[in-house]
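Hi,

Here is the structure I promised to pass on. Have a look at it first, and my notes follow below.

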Amino acid sequence: MVGQNQALMFEQVPLVEMDGLQLVQSKAIMNYIAEKYKLSGKDLKERAMIDMYTEGLNDLMEMRMILPFKKPDEKQAHIGVIQGKATSRYFPVYEKALNNSQYLVGNQFSRADVHLMEATLMLEELFPTILSTFPNLKAFQGKMRSLPTISKFLQPGSQRKPQPDDVYVKTVMEVLNIQIP
Ligand SMILES: N[C@@H](CCC(=O)N[C@@H](CS)C(=O)NCC(=O)O)C(=O)O
């Protein structure tokens, strides 16, 4: 109900509770975590590159995230758009950035690498062979998988969320009071 929830500043999710804070707004949440764990580069220029790479990946992942909420007759066309943009607009950028470099920026692990890992996994779930023409991305994904925290997160039974099913979509629609036209 409007104005009732103290934790949700704008009555919206996501909400992350950590360090005694109730963090809302996705970018504020990401910025806090990136700063806290020193994942934002060593200077302003590196940070600008990290932000650009991160935002590109956010745009790509957002296309994927809205797919379950598309009307049935729009889904197929949307899948085509995701695949086209992933392979011609986004993945080539990251493939090139990883030439002769283990990480995207400054040869140092950053938040952009975390987003890239997430995006490659997300897109592979939809298009299992999508990385076959991006060897650097495939190798990068393998290296990221071997990091202990990421490896743990990818194990069955972890906090990783499953793909949205029809029940999830229906629940989200109801909770957020979204009308299907
Ligand atoms: N700018 C916000 C947007 C958050 C947002 O749109 N949240 C949606 C769910 S994904 C929500 O809570 N909608 C309910 C509402 O606006 O009443 C962010 O990035 O966190």
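Which residues surround the ligand? They are E11, Q12, V13, P14, Q25, S26 and L176, where being near means having a heavy atom within 4 Å of the molecule.

Before the rest, some housekeeping. This is a predicted model, so to speak of a local feature I need pLDDT of at least 70, side-chain atom pairs count only at pLDDT 80 or more, and totals for chains, interfaces and linings use all residues. Residues are numbered from 1 along each chain as its sequence is written, and side-chain values use heavy atoms, with hydrogens and water left out.

Back to the ligand. By class, its shell has 3 nonpolar, 3 polar and 1 charged residues (Ala, Val, Leu, Ile, Met, Phe, Trp, Tyr, Cys and Pro count as nonpolar, Asp, Glu, Lys and Arg as charged, and the others, Gly among them, as polar). For polar contacts (pairs of N or O atoms within 3.5 Å), here is what turned up:

- A ligand nitrogen is 2.8 Å from a polar backbone atom of V13.
- A ligand oxygen is 2.8 Å from an N or O atom in the side chain of S26.
- An oxygen of the ligand is 3.1 Å from a side-chain N or O atom of Q12.

On its own the ligand has 510 Å² of accessible area, and the protein covers 53% of that (Shrake-Rupley method, 1.4 Å probe).

V13 has another feature: a cis peptide bond joins it to P14, with omega about 10°. P14 lies in the segment before β1 (15–18).

As for the fold, the chain has 7 helices and 2 strands (DSSP runs, H or I of at least four residues for helices and E of at least two for strands, numbered from the N terminus). Along the sequence the pattern is β-β-α-α-α-α-α-α-α. The C-alpha trace spans about 50 × 45 × 30 Å along its principal axes, and 33% of the 181 residues count as buried (under 20% relative accessible area, with exposed over 50% and partly exposed in between, for a 1.4 Å probe and protein chains only).

K38, in the loop between α1 (26–36) and α2 (44–65), has a positive phi near 55° without being a glycine. K38 is exposed, at 65% relative accessible area. N107, in the loop between α3 (72–97) and α4 (111–126), is not a glycine either, yet has a positive phi of about 50°. N107 counts as exposed too, at 52% relative accessibility.

Cheers

Notes: Polar contact = N/O pair within 3.5 Å; in protein donor to acceptor, adjacent residues only side chain to side chain.
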